[in-house]
Amino acid sequence: MSLFDWLGGAENNEAPVVDSVTKLALYQKAWCPYCQRVKAAIDELGLDIAEYDTNAPEHLQALLAGGGQRMVPCLRIEFEPGRYYWLYESMDIIAYLRRHFGAGQ
Ligand SMILES: N[C@@H](CCC(=O)N[C@@H](CS)C(=O)NCC(=O)O)C(=O)O
């Protein structure tokens, strides 16, 4: 990981761009500090993004089935109806949200 990544500028150019936050959902856990970091960025950006707590078995199952890892946070991106990209890593999620849903976007 580069210094740039640590500073929050991580790049993930594979993650598909969508036109609305209604196509996004954050899989998270209340006590997870990495999730809190993402949620703070969501608040800062003023975004209204659905959140699913993976303490609920159905949400954990969806995350495992779709993303392949139980790790949170994970941003689910619906790039086509019913088709999802699963973006892990808090800094990548924050960079994605800032890049595509930040001020002036
Ligand atoms: N590098 C990851 C770390 C995320 C992480 O370690 N999350 C913990 C919860 S705080 C986790 O999901 N661990 C696996 C598990 O609970 O099964 C990030 O920044 O998002």
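**Note on the ligand site and the aromatic cluster**

1. A nitrogen atom of the ligand sits 2.8 Å from a polar backbone atom of V72. The model is predicted, and this distance is computed from it.

2. In S90, an N or O atom of the side chain is 2.7 Å from a ligand oxygen atom. In K29, a polar side-chain atom lies 3.5 Å from an oxygen atom of the ligand. On its own the ligand has 510 Å² of accessible area, and the protein covers 73% of that.

3. The residues around the ligand are K29, W31, C32, P33, Y34, R37, R70, M71, V72, P73, E89 and S90. By class, seven are nonpolar, four charged and one polar. Helix 2, residues 33-45, gives the most to this shell, with three residues.

4. Now the aromatic residues. The structure holds three aromatic pairs. The ring centres of Y27 and W86 are 5.4 Å apart, and their planes meet at 55°, so this pair is tilted. Y27 belongs to strand 1 (residues 24-28) and W86 to strand 4 (residues 83-88).

5. Are Y27 and W86 buried or exposed? Y27 has 3% relative accessibility, so Y27 counts as buried. W86 has 15%, so W86 counts as buried too; the cut-off is under 20%.

6. Ring pairs join Y27 and W86 with Y52 and Y84 into a cluster.

Definitions and conventions
Residues numbered from 1 in each chain as written. Predicted model: local features only at pLDDT ≥ 70, side-chain atom pairs only at ≥ 80, totals over all residues. Heavy atoms only, no water. Phe/Tyr/Trp six-rings, centres within 6.5 Å; stacked < 30°, edge-to-face > 60°. Helix = DSSP H or I, 4+ residues; strand = E, 2+ residues; numbered from the N terminus. Buried < 20%, exposed > 50% of the residue type's maximum accessible area, 1.4 Å probe, protein only. Near = heavy atom within 4 Å. Polar contact = N/O pair within 3.5 Å; in protein donor to acceptor, adjacent residues only side chain to side chain. Areas by Shrake-Rupley, 256 points an atom, 1.4 Å probe, with all protein chains shown as cover. Nonpolar A, V, L, I, M, F, W, Y, C, P; charged D, E, K, R; others polar.
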